[in-house]
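Dear colleague,

I am passing on the structure we discussed, together with some notes on its side-chain contacts. Please read them with the coordinates open beside you.

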Amino acid sequence: MLRARDGTIWVGYENGALATYRDGALRLEANVPKTDAFTMRFAQTRDGAIWVAAGRKGNALLRRADGRWAEIGANWGLPDDWVIDVTAARDGALWVTTLDAILLLRKGSRRFERMGTPAGHAAVSEDRSGRIWLSDDGGSRILTASPAASRSTVPTPGARRGFDTGFDRDGNLWGVNAAGIFRMRAPAARGEQRDTERIERFTAKDGLSSDASQSVLEDREGNIWVGTSLGLDRFRSANVAVSSEVGVPGPWGYALLGVRNGNVYVGAADGVFSIAPGGGPQRIAGAGGETHDLCEGPDGTIWAIQTGAALRIGANGIARVAVPAERDWQGCVVDYADSLLLASRTGLRIRHSSGRWDHLLPTRPDRSRRFLVPDQAWRPLAVLASGGLVRLDRSGRDAATILRAGLDDLSTAYSGARRTLLGGEFGISRVVDGRLQTVDAARFPWLIAPSGIVETSAGQTWLIGRAGLAGVSSSDLDRAFTDPRAPLRATILNLEDGVPNVYVRDGYRDAARGGDGRLWFATTGGVVSIDPARLLRNPLPPPVSIRAITVGAARYRDPTTMTLASGTSRLAIQYAGLSLSIPSRVRFRYRLEGMDEDWIDAGTRREAFYTNLGPGSYRFRVMAANNDGVWNRDGATLDFTIPPTFVQSVWFKLLIGLGVVGILVVLYLLRLKQVTAQLQNRFNVRIAERERIARELHDTLLQGFQGLMLQIKAGVNRVPDPAARQPLDEALKRAQAVLVEGRDRVLDLRSQGAASDLARAVFESAAGIADHRGPRIQMNVEGTPREIHPLVLEEIHRIGEEAMRNIKQHAAANLVDVLLVWDRGGVSLAIRDDGVGIPGDILDHGERPGHFGLRGMRERAERIGGRLTVTSRAGDGTEVALVVPRRAAYRDDPVRYLKRPRAILRAARKRFS
């Protein structure tokens with residue numbers, strides 16, 4: 001397999017077929033000479049040519065340049081032999097190995113040069129310095145410029161058949177030889193004494209899927225991939241080292257202790273081990289039973305508490321001290337007086353001082369010691385069963401109470417240079433002025449039940465718990481103790497980092513620090529170590545790709561821009577972060593622009609779901625972080641559009657809007673018709689009443705009055721004296737005038753409301769004040785007169801008549817303007833004079849005592865549904881304006897437009913033109 005510089009991946013098959021993978025598509029290569037190869041090796045030279053070694057005799061080397069394939073043979077100086085390996089060097093040269101020759105094709109040349117003879121199957125590789133290495137049955141060595149090979153050979157394993165080698169970024173040589181794989185480590189800074197110490201072999205016994213290995217490849221993140229006949233294996237540098245030299249654990253696991261001189265001591269079932277700074281575990285004491293705990297005295301003496309005995313390890317050797325029988329010793333501590341205190345799970349406490357054991361007085365069950373740890377002044381601290389924390393005196397009794405109670409399910413206690421930390425199911429706590437400050441495990445689950453805590457000189461705090469090994473900044477931890485909302489970012493190391501087992505021993509001191517900066521932890525799978533200052537970090541942000549979008553039953557692969565079906569509302573988008581170091585730790589954030597207001601933290605989930613999407617254009621963005629939290633913020637994008645259905649389109653919404661407007665118009669007109677009908681009914685009732693009164697007046701009062709006048713006239717005619725008859729004749733004339741006026745009133749009551757009647761009535765009212773002493777009258781009529789309700793006509797006339805009467809009596813005006821307007825909105829009457837005006841108090845509060853003119857005008861206007869406005873300023877005249885709306889004034893039906901659509905359109909066209 002080869003990844004070419006243009007990103008194309010070349011793949012070879014056992015039947016000799018070649019294929020390329022690019023842009024998500026796999027294509028078979030055409031016009032390839034038939035090779036029937038068992039294995040293939042690929043290389044690409046600097047001129048872009050692709051070289052394929054078929055691993056057989058005859059047609060064994062192929063070259064593809066300018067889109068054409070060619071067989072390389074004798075015309076290039078290639079012998080007719082089995083081709084084993086082909087390698088392109090950075091200087092543009094091509095190296096080829098056969099069963100009998102090492103060949104070099106220099107840059108720009110068309111002729112191979114023989115550079116030597118291999119010892120069996122051979123492979124060529126180039127290291128970081130540009131040196132060419134040959135690996136064959138005789139080992140691995142550097143090829144010099146001369147045809148003879150160098151004599152400096154590292155004894156790497158040979159090959160049964162086929163050979164593939166390559167250097168990784170750290171300078172290690174990896175090789176597959178059909179019998180497993182090997183690694184030749186690069187020389188360390190301190191150097192190895194023997195070349196054999198540099199060679200590591202891995203077979204199926206070490207976890208390789210098969211010994212029949214065929215190819216090796218290093219990816220961009222430094223992972224080594226090995227292809228075998230049964231699968232694909234990965235090798236990755238681990239941050240956690242397992243010490244296989246430490247013996248087996250006891251029933252309660254290992255005991256750990258880091259001491260002041262930099263050594264770390266490990267207690268196992270088969271002895272006690274010492275680890276010096278920079279070194280490995282060394283056994284210093286043989287098996288003597290399970291080691292329950294380890295503690296250090298002020299003089300550097302190490303005590304190892306075993307079943308039935310205590311080992312005192314000092315500068316003068318190891319002394320064995322008998323211990324009273326007890327199976328469950330829980331902790332030990334040595335105080336500043338060199339007294340050894342022991343506590344058991346059952347509450348038993350003993351003290352060793354001056355060569356003898358003292359049984360301390362028993363205490364209440366809640367005062368029994370669970371853990372014993374020394375503080376920085378070598379004063380013993382005891383964690384009680386009640387959850388309290390006390391300081392002990394030299395006799396082992398309570399000297400001072402630091403914390404009365406409050407800690408349940410404790411799993412560890414640690415006393416450092418600056419503080420004492422306590423861990424349990426709740427998380428981790430510290431004691432400040434007799435009060436607990438806790439970082440809750442509910443917020444940070446990796447804090448649950450730690451069994452060991454240790455601090456580094458670089459300001460880090462590490463612990464071991466159910467999640468594995470966790471390291472945080474000590475300053476961040478202090479901030480989290482005081483601020484429950486403060487973030488706390490942790491480095492988590494677990495099985496994928498080399499921790500053999502996430503389960504820890506049932507101890508309370510499973511962490512220790514060595515003088516070289518390494519941290520040691522005890523697990524049920526062995527004792528492990530890390531170097532916080534040299535943790536491997538992955539600095540490469542992972543490439544991000546959008547693999548597919550699923551809509552219903554349809555799945556579209558590798559989308560970039562697409563248009564979905566109309567009405568799509570639910571979809572799922574699958575994406576990937578291409579980090580192969582620890583894929584399970586790759587984290588994602590995504591956002592659908594046009595839908596999501598902010599980025600969504602998806603954790604390790606690799607699919608996004610959306611429902612209730614509407615029509616529109618969207619952009620989906622996703623970014624990823626590798627296992628060490630390095631983000632690729634450019635990420636990947638997917639643009640897609642969801643066209644609207646007809647019911648989602650603007651036209652449909654416009655139709656709905658027009659329909660709603662139409663319904664509102666219809667409802668308004670219906671309401672207008674209803675109100676008009678109600679008003680018309682009121683008018684009809686009043687008109688009927690007026691006509692009834694008119695009939696009654698005409699048939700009774702006027703007719704009787706006329707008959708009475710005829711009788712009086714007859715009587716007057718009988719008066720012989722003209723002088724006496726003259727006053728009576730005058731009275732009859734006035735009575736006749738009153739009768740005529742009464743008939744006119746009756747005629748007005750029966751009037752049908754012609755427009756000309758209103759104009760004439762207003763004009764006559766105006767003319768009534770225009771005598772030789774009265775003001776000058778100007779009257780204008782605008783618009784087209786229309787038939788109005790009789791009551792409206794009468795009320796408008798009476799309002800105008802009252803206004804004229806007020807002008808004559810009070811205004812002292814010289815000019816009166818009268819304006820009568822007919823329009824679509826209704827009837828308007830405005831009467832303005834240039835007289836003395838109306839005083840403000842009268843205009844604001846009403847009439848003078850005993851006068852009701854203005855009030856009567858307003859009442860008349862309200863009865864016909866009109867609005868009367870009177871404006872005046874002293875010395876500037878008065879204006880009386882009456883507006884009667886169309887629905888109240890005109891007799892025609894305003895809802896007729898519902899029956900005449902053309903009239904509606906014509907009216908709208910005129911209004912907006």
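Predicted model: local features only at pLDDT ≥ 70, side-chain atom pairs only at ≥ 80, totals over all residues.

Residues are numbered from 1 along each chain as its sequence is written, and side-chain values use heavy atoms, with hydrogens and water left out.

Salt bridges

The structure contains 29 salt bridges, each defined as a side-chain nitrogen of Lys or Arg within 4 Å of a carboxyl oxygen of Asp or Glu. One of them joins Arg183 to Glu200, at 2.4 Å from N to O. Because Arg183 belongs to strand β19 (residues 181-184) and Glu200 to strand β20 (residues 199-202), this contact ties together parts that are 17 residues apart in sequence; strands here are DSSP runs of E with at least two residues, helices are runs of H or I with at least four, and both are numbered from the N terminus. Glu200 is partly exposed, at 23% relative accessibility, where buried means under 20% relative accessible area, exposed over 50%, and partly exposed in between (1.4 Å probe, protein chains only).

A salt bridge also forms between Glu455 and Arg419, whose closest N and O atoms are 2.8 Å apart. Glu455 lies in strand β45 (residues 452-455), whereas Arg419 lies in the loop between β41 (410-415) and β42 (420-424), so the pair connects parts that are 36 residues apart in sequence. Both Glu455 and Arg419 are buried, and they belong to a network of salt bridges that also includes Arg430 and Asp478.

Aromatic and cation contacts

There are 15 aromatic pairs, counted where ring centres of Phe, Tyr and Trp (its six-membered ring) lie within 6.5 Å, with planes under 30 degrees apart taken as stacked, over 60 as edge-to-face and the rest as tilted. Trp51 and Trp76 make an edge-to-face pair, with 5.9 Å from centre to centre and 80° between the planes. Trp51 is in strand β6 (residues 50-53) and Trp76 in the loop between β8 (68-72) and β9 (83-88), so this pair links parts that are 25 residues apart in sequence. Trp51 is buried at 2% relative accessibility, and Trp76 is buried at 7%. Elsewhere, Tyr575, Phe588, Tyr590, Tyr610 and Phe620 form one aromatic cluster.

The charged end of Arg589 sits over the ring of Trp631, 4.3 Å from its centre, and Arg786 lies over the face of Tyr890, at 4.1 Å from the ring centre; the rule asks for NZ of Lys or CZ of Arg within 6 Å of the ring centre and within 35 degrees of the ring normal.

Helix α5

Helix α5 (residues 790-811) has 22 residues and reaches 30 Å from its first C-alpha to its last, close to the 32 Å expected at 1.5 Å a residue, that span being 1.5 Å times one less than the number of residues. Of its 22 residues, 16 are buried, so α5 is largely enclosed by the rest of the structure. After α5 comes Ala812, which has a positive phi near 55°.

Surface patch

Ile656, Val660, Ile663, Leu664, Val666, Leu667 and Leu670 make a nonpolar surface patch of about 610 Å². Patches are built from residues with over 30% relative accessible area and no salt bridge, joining like charges within 9 Å and nonpolar side chains (Val, Leu, Ile, Met, Phe, Trp, Tyr) within 5 Å, and the areas come from the Shrake-Rupley method with a 1.4 Å probe, for which only the protein chains shown count as cover for residues. Val666 lies in helix α2 (residues 650-717) and is partly exposed, at 35% relative accessibility.

With best regards
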